[in-house]
Structure formats: structure tokens, C-alpha cells
Amino acid sequence: MKKIFTLLLFASASIILADDIEVSQDTLLQNLNYGESADRIITFTNNTSSDVELTITLVDQTWIPPLGRLSGQDDVRLPDVPSELGFSEDLICGTPDPNPEDLLVTIDQVERWLERQGRSSRNIVNVQIAWHVIHQDNSVGNISDQQIAQQVTWLNNTFADHDFIFTLDIIDRTVNNDWFNDMYDTYDAIAKQALNIDSYHYLNVYTSNIFIDGVAGYAYMPNQWPEGSYMHGIVLDYRTLPYAGGYDGDIAVHEIGHYLGLHHTFQGNCTTGNDGVDDTPAHHDDYLWQCNGNLDSCPTMPGNDPVHNYMTYTSDGCTWEFTPGQKDRMHAMVATYRPGLLENPVAPVWMTTANETITVPANGNLDVTINFDATATYGGTYYGDAIFTAETPDTSITVSATLNITGFPEIGLDATAIAFNDTYVNDTSFVSLEIFNVGSDDLEISSFDFDNEYFFIDESELSIEPSESAEISFYFVPDSVGQFSGSLIINSNDITDPAVTVSLSGTGEASPLLLSFSDLSDTLESNTVTTHLLTLTNAGNVTIDYTISHEIEWLTINNENGSIAANTTELILFNISTLFMNYGEYTGTVTISTNVGQFNIDVSILVVALAIGDEITGIPQSFKVHENFPNPFNPVTKVQIDVPEQGHMQVVVHDISGRLITTLLNSDVEPGYHSIKWNGKNRLGAMAASGVYILNVYLNGQQHSQKMLLVK
């Protein structure tokens, strides 16, 4: 297959400052065809008098908004955004306090894990994110993709020094006013159960209106639920995300700290080991909300209050650190309680650098080569971040990368001709066809077109990823004896072969099941009953199992299911009743499903008027109670009563012992034809038992009794 390739290369020429380190561009856009590769160079400038060592972390972001994560969106501000976002005395963290015994257990587990691992053997953890936007039906809370992406960038910059990266993989949106406004108190579990995605490998993030409950965010500790529980994840108020105006994203940082196993640094107040971390000094919750580095609320214990720690409560903009001990605890808790996160891929295969660290010389420049590789990745758009961090000077620079790979789908079939087995008339046979995508981009099948109605398929379209396949079943239903042939055209986005033809053939054989009629029609007067006999003959040498079904109210059939032995006959009664039916034409279909095919019988009746002078017209000439229909019945039956003159009529049901079962009517009636229905229930509303019952009708001194048979 011959392909024509084009290459488009774009890079921003802007200079981005990060303290004393400059980078020539913060955005890379590379377009390649499948099988190609290209190098891109970015230049770092060190404006300090000392060499600066930068650590490189490459992050594969599997979903990024088309506008780019770092561009401003002044038009997405919401009207009720506070002037200062973050925790306050009115908006706190809603994460539950730990059980003291559970805290001691986790402290012991962290120490044991660190002893086994060694502090230098830690691997980077990729936390994949599934973000669930819950909002009102008037769109309040429907935050933009851009805001979500900015929050993820904030997380990557914050956690880069702690060997955690965050990959935004999924965004979904749910309109639910109740969940939006009452997530914290009422609908936390309900909403999470409905929306959660794979808690083993994903951090599920939910945004809703929880300021209303005095909460800015909340989470659950890793050991509070089993690893796969839908209860895991974090919940944020939708107004806590970074905005174009420069608000930070530290609420999410704080709650993810809980998700990764950190407690509030003021947990336990002035007690030893208060939060389970050795290097976070104890401090008292009576002295929160102060950005004072000299504050020491526990003077008898080492260290000043950790007011700059992400896991405390302090004024907005005052938090900027996790301690080494907190880093150890987060990794230990992930390894112990969230090991599924360790299975997530860490670095993109399509973007690489030669080194994990680089040294930018004092007052000098250094070129860094980033390689984009489309030889092992299929067609599509890929997003990632190259994060450069240094401890001295404190630096975190993110270069966003986008790679567009143009791939080419290619269809492959395991057969181009399909021959069906010999098939009984009205029966169905099927053959499977495997369709392959041997190309480098998604194969989109838009339609399956047949030129013969006797061949068909359930699917109307199909998508197959590169190197994958799909097995499709094709069906053949002959309606007569003889040879059938046709063709199938598979239409797809394969540029070389957009319409692939598959030839089809099959043979229809005479069915062993013979029906005495294939359609039924009759002309009947109103309020009459007639019976037609259907003969089912098994002319073959195997038993035929059958089931008869229909939705025709005026038709009852005996023997609706059964088996017909070889070379035998089964008789089926079609009972048609026009009781209480108006004049006109009525139609329906009876379906006989068998192990040798499906047979349909079209049924139609014409209900006509009686001749003039018959008692059905006008007012009845005499009192008469007609036979109930159906009889036997289960559970409903009807009876027509002819009333020639005005009077009081009582209709009751007794059992054969004379005990009253129920009263169907007890009121004055006008002359005419009255329809009375019994639903098989007694006067207490319970179903009556199977058996014989007596219908008694009393009218103006006249009385009539008749038997009815209820069969369950």
C-alpha cells in the first residue's frame, strides 16, 4: 500500500521565566506520519552564578483540551467565585478523622515498607484521573475542560519533586440537581456508585456544590475502603479549581494528599506522632489560619508549626510544601493500599529524552533534545508534559507537548466468500467472519450493505483499533427451497479499499414441519365463538420442539408449547371469540418458534352486524346471561348480560359450597347489553383457588346460575 507523507512542525517562540531559569518555549507541537520520528530542541538559560541540575519527568497526558492547558480563559469565571479561594474557617476539609488504632497500624506498615524498599528505590507513580463534572440543569457548576486541565497541570507541578505524576484520561458530565447540591450529606455514595470508574487504576475526582455544607473538599484514606471500592476518590467544590485570574489549585493538592495517605498535620494536636510522619512538627488546631513561620503552638515539642504544609489549614497562598517524610508515607500507602496505581504506565513511548537529569552551566545555556517517535504508536493525537525541576533554585518548569500521528487504517478479512450450511425454509443459520485492522489507525466501518434480503447482520457499523480484530456473525434465512446467492459490501475508511466485497451463498431445504394453513381468515357475527384446527406435522426423523406466541386478545390457543415426535402430528385449536367486539376488521400474527425455524401465521377476522330482528340490536327482548368467556379461564373472564328493562341487578360469585366469594355488581341498571368481568379475586382482594365457581345473577325477581372453571 503506497502512502504519501507530509510533515508539519510548529513551536512557540516565547520565553518563559521560572525563577532564575529560562526556557525557550513552553509548547511543542509535532506532526508525523506513522513510522517517522523527529527531534526537537529547547534551550535552557541559567541566569544564576551556579550550575543548576534539572530533573526531567515525562508525563503521558492521554486527554488534553484543544486550546492547550496553559492558555487563559477569562470568559469561564463563574458569578459566585469568592475573591479568595482556598480553605477558610467557614470552608474546611470534610475528610473524616482517622480511627486512632487504624493510624497506628498504618504507621507500622509505612515503617516496614520503608525498611524493605530503601529510600532510594522508589519508582514514579502515575495517578490516572477520571474526572466527573456534576452540575445543575441550568449549567451552574459545568466547569470547562480548560479549568480541569489547568488543575491537573497544577498537580503535576506540585508533586513533581515527590515522584507522582497525574494523567487526565477521562472527563464525563452529569446533570443532577440533587447530587450537585447535596453530595456531601446525602448523595456521596449514590453518585459515586453510579459514576465511579475502576478505582484500582484511577483517581476519581468529583466536582459539585459542597460550599453549601461548609466544605471545600473531602476524600477518604486509602485504608478506609477496599482498594476497588467506588467510595474512593476526592470531591471538590467546583469553585476551587484554578481560574484565569490566578487562583491556585491547592484544595485538590490537599485532598489528593489524603487520597495518598496523609493526615492533617494538626491531627492529634500536641501529641507525639500526631499525623504519622516524623518530620511534620506537632501543632494545635487552636492556632490554625496563621501564615507565621515563627508560630509554635506546641512549645514543649520540637519545631515550629508547619504553616507552609499542604496538609494544614492556613491563609491562601501560604502553603507550598510536602516534607520528605510525607513523601515516604504517600509512596508506602500507595504500595500497601493502592497497588493498582503502580500498574499504570509512567512515561510516554512517543516522547523521550537521552538523560533523566541535565546540568545547566552558570550564566550559560544548554540545549535539550526531545525525540518524537511515531514508529511504535498508532495514528491519533497524543499529549504529554516534560517537567523540569530543581531544588536550588526552587524550580518547576512544564513544557507541554503534542504529537499528531497520521496513520492509515487497513481492512483484512479471514474470508472473501461465505457459504452457509443447507438451511430449512424459515430457519436461520449463521457464519462468523473475522475482520482485522492491519493498519496504523482506527478502522471505522460505516455500513454493511447486502444485495439480497435473505442475508443480514445485526451490526450497522463497527470500529476496530490497530492490530485488533472483531468477529461478526452473518445470517441466512431462506423462505423457499432452492439456491440463494448474494454479496456483502463492507464500507470503511480504508483509503485503498473503501468498499470490500464478500460473496454469499446458501441453499434452502424443505422444512420437516408442515402446517395445515399459513394464514387464517374468517367472517363472524358479534358475540359468537368459533374454532379452527391447525395441524402440525413432523415429516422428519427428529423431534420438533415448538412454542406458540401471540398478542391477540380475541384469540386463545391450546397447547401453546410442546414437542412433536418424528412422523407424528399435533393438533392445535385456535378459538376465536367476538364477545363484546364492535363491527369491523381485526388482524394479528401468531408466531410458532421451533428448533427447525420460525413460522408466522397471519390471522384476520371480519365482525359483521346481525340481521334485523335479531335480539342483539336495540333493547334485548328478554333477560339472558351468556356463557362467560373464556371458560376455563385464568385469571380473568367476562360475561354478557342482556337486560330488557330498568331494574336492580346483583351479580355475585359463590363457590360450590355456597359461600360468597365476591360481589361483581349490586346496583340499578338501564336496559341494554352489560359486560361484567371477574378478575379471579375474592372480596378481600386475594386470588381465588382453582376450582368450579357459581355465577349468580338476580334481576327484578329473576335469577340465573351457571358454572365457571378457574384453572391456574
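This is a predicted model: local features need pLDDT of at least 70, side-chain atom pairs count only at pLDDT 80 or more; totals for chains, interfaces and linings use all residues.
Helix α5 spans residues 250-259, and because ten of its ten residues are buried, the helix is largely enclosed by the rest of the structure. Among these buried residues are D250, H254, E255 and H258, along with I251, V253, I256 and Y259. Just after α5, G261 adopts a positive phi of about 115°.

Helix α2, made up of residues 145-159, meets α5 with axes that come within 9 Å and cross at roughly 60°, which means that α2 lies oblique to α5. The crossing of the two helices, α2 and α5, is right-handed. The residues that make the contact are set out by helix below.

| Helix | Residues in the contact |
|---|---|
| α2 | Q151, W154, L155, T158, F159 |
| α5 | D250, A252, V253, I256 |

Sorted by class, the contact of α2 with α5 comprises six nonpolar, two polar and one charged residues. On the α5 side, the contact residues D250, A252, V253 and I256 are also buried.

Elsewhere, the model contains an open sheet of four strands, arranged in the order β18-β21-β25-β23 with antiparallel pairing. Its edges are formed by β18 (411-413) and β23 (455-457), each of which pairs on one side only. On average, and with direction ignored, neighbouring strands of this sheet are turned by 35° against each other.

Note on methods: Residues are numbered from 1 along each chain as its sequence is written. Side-chain values use heavy atoms; hydrogens and water are left out. Buried means under 20% relative accessible area, exposed over 50%, partly exposed in between (1.4 Å probe, protein chains only). Two strands pair if DSSP finds at least two bridges between them. Axes are lines fitted to C-alpha atoms, for helices over the stretch in contact, and angles run from 0 to 180 degrees between N-to-C directions. Angles under 35 degrees count as roughly parallel, over 145 as roughly antiparallel, 65 to 115 as roughly perpendicular and the rest as oblique. A crossing is left-handed if the near helix is turned anticlockwise from the far one by less than a right angle, and right-handed if clockwise. Contact means heavy atoms within 4.5 Å. Ala, Val, Leu, Ile, Met, Phe, Trp, Tyr, Cys and Pro count as nonpolar, Asp, Glu, Lys and Arg as charged, and the others, Gly among them, as polar.
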